[in-house]
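Okay, thanks for making time this morning. I'd like to walk you through one model, so let me put it on the screen.

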Amino acid sequence: MVTAHMPSNTVSRRDLLPWVAAALLIAGALWMLPHGRLQEYGTVPWFLTGAGIMLCGFYIALRTTILDWRLVALVAVLTRLILLFQAPGDDIYRYVWEGRILWAGWNPYLHAPDAVALEPLRDGVWESVQFKFFTAIYPPLALWIFAGLSLLWPAPIFFKAAFLIADLTAAWMLARRFGANRAVLYAWNPLVIYSFAGGGHYDSLFVLAMVLGWLTWQDGRGIRAAVWLGVAVALKWLALPLLAWVGWQIFLEAWRTGRWRVVFIAVAAGALPLAVSYAVLSIWTGEWTLQLHPPKFSQYARSAEFIPGMVGWFWEQSKYHNQWFAIPLAAGWMWVILRGRDFARSAEWLIFLALVLTPMMHAWYFTWIVPFAVATRNQGVIAVTASAFVYFMLSHHVEGAKNEWLLSPLETALIWLPFVIGFFWSVWKNRAQSQGKTS
């Protein structure tokens, strides 16, 4: 009897790869740690070097067929704890400020940071808030979370710790459902790790709510899924089409079964988090308004946009009317809501359309779509994990000789083309496989 043996060097290389990936991710996080003040000229290249080291580890991990869940958990936690102590992005100071003024009884939708009435509350946090003339842009539940965190400890690192916990919870839920090997796409994703643990963006709360809604829907609990997606809406407006998709699926089921009561319960369940958080905020402050977003910000703000930017090259007037892009976005969302049948793939399309059509884009917005790629393995999402870091050249430009918040056409292409091409390639590949199975 002849037994075939795998060469020992092949076995050792296969066993070593996860550790090489883990070491690169940790080393990259340590390199990135002291370079979080992106507004200081000369910092961005060093920051991107750390990101590059982490990305090498990440892509090695994606090609590794066997990853021990304990190693995945260790690296996921350790890299985030390292970047917890990094200087955060500017947004976190607005979180702290708006949480404080809400707890003090002021309505952030009516009182911008530079309001005269808020002068007694000004401090070091206020000094760090950008665009002090804009009122709050976040939904009411997000403001209440900021208020609760501010009450406990109004410090950026405490806010970051809360966002880190939400991020790790989402990673744990994905690993429990899809396994450590697939969940590493989220748990070891350098863009995700930096955005929440390093940059301190609250979007991890939104991502967690979406993941809870998605997995709950997969378990056949439509009403509970509507509640979680309602929470997501009350944290970030983008979840509205996801909630509408779930509502439409429940409606179609009621059409077949005649169980219309479930439709009304689902609608109420989805609307409840936003309605309650808004009503409590208004009652608490004694000030009511339906303007939950500064209109001028919505109309003019631009950043690293894709389709709006291309339209602007040929149609100058479009640069001053961001609201026009809501029309194709609404049409695209409607198409996906009516035709989509799978939650993960529908969510990918809904978020993809929002990303390519929004005039105001930031790198951490790409994290919204990452959890669904754990299930779909969408190559565009995998590619943009690296390409999105080009976005941070904006900080380099604004502090350097250019002195402007503007990416070059090449930089814009470097961000977007890997994402768009990879996304459509994965869609085409999935359809080809589905047709092959049915033929």
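This is a predicted model: local features need pLDDT of at least 70, side-chain atom pairs count only at pLDDT 80 or more; totals for chains, interfaces and linings use all residues.

Before anything else, when I say helix or strand, I mean DSSP runs, with helices being H or I of at least four residues and strands E of at least two, numbered from the N terminus. Residues are numbered from 1 along each chain as its sequence is written, and side-chain values use heavy atoms, with hydrogens and water left out.

Most residues other than glycine have a negative phi. Alanine 304 isn't a glycine, yet its phi is positive, about 50°. You'll find alanine 304 in the loop between helix H14 (295–300) and helix H15 (307–314). Buried or exposed, this alanine 304? At 11% relative accessibility it counts as buried; my cut-offs are under 20% relative accessible area for buried, over 50% for exposed, and partly exposed in between, with a 1.4 Å probe and protein chains only.

Phenylalanine 131 also has a positive phi, near 50°. That one sits in the loop between H5 and helix H6 (140–152), and phenylalanine 131 is partly exposed at 48%.

Okay, charges. Side chains of opposite charge can pair when their charged atoms come close. I count a salt bridge when a side-chain nitrogen of Lys or Arg is within 4 Å of a carboxyl oxygen of Asp or Glu, and the structure has nine of them. Here are some of them.

Arginine 100 pairs with aspartate 123, with 2.7 Å between the closest N and O atoms. Arginine 100 is in helix H4 (residues 91–103) and aspartate 123 is in the loop between H4 and helix H5 (124–128), so this pair ties together parts 23 residues apart in sequence. Both partners come out partly exposed: arginine 100 has a relative accessible area of 22%, and aspartate 123 has 30%.

Next, aspartate 203 and lysine 236, whose closest N and O atoms are 3.3 Å apart. Aspartate 203 belongs to helix H10 (residues 203–218), while lysine 236 is in the loop between helix H11 (222–235) and helix H12 (240–257), so the parts tied together are 33 residues apart in sequence. Here aspartate 203 and lysine 236 are both buried.

Asparagine 107 is in the loop between H4 and H5, and it's buried at 1% relative accessibility. A polar atom of its side chain lies 2.9 Å from the backbone nitrogen of tyrosine 109. Leaving aside neighbours within four places in sequence, asparagine 107 is in contact (heavy atoms within 4.5 Å) with Leu281, Thr285, Glu287 and Thr289.

How many residues line it? The lining has 23 residues, with Arg345, Trp349, Ser426, Val427 and Asn430 nearest the centre. A pocket here, on a 1 Å grid over the protein atoms alone, is an open set of points where a 1.4 Å probe fits, with protein on both sides within 12 Å along at least five of seven lines, and lining residues have an atom within 4 Å of a point. H21 gives the largest share of that lining, seven residues.

That's my tour, thanks!

Definitions and conventions: A polar contact is a pair of N or O atoms within 3.5 Å; within protein, one must be able to donate a hydrogen and the other to accept it, and residues adjacent in sequence count only if both atoms are side-chain atoms.
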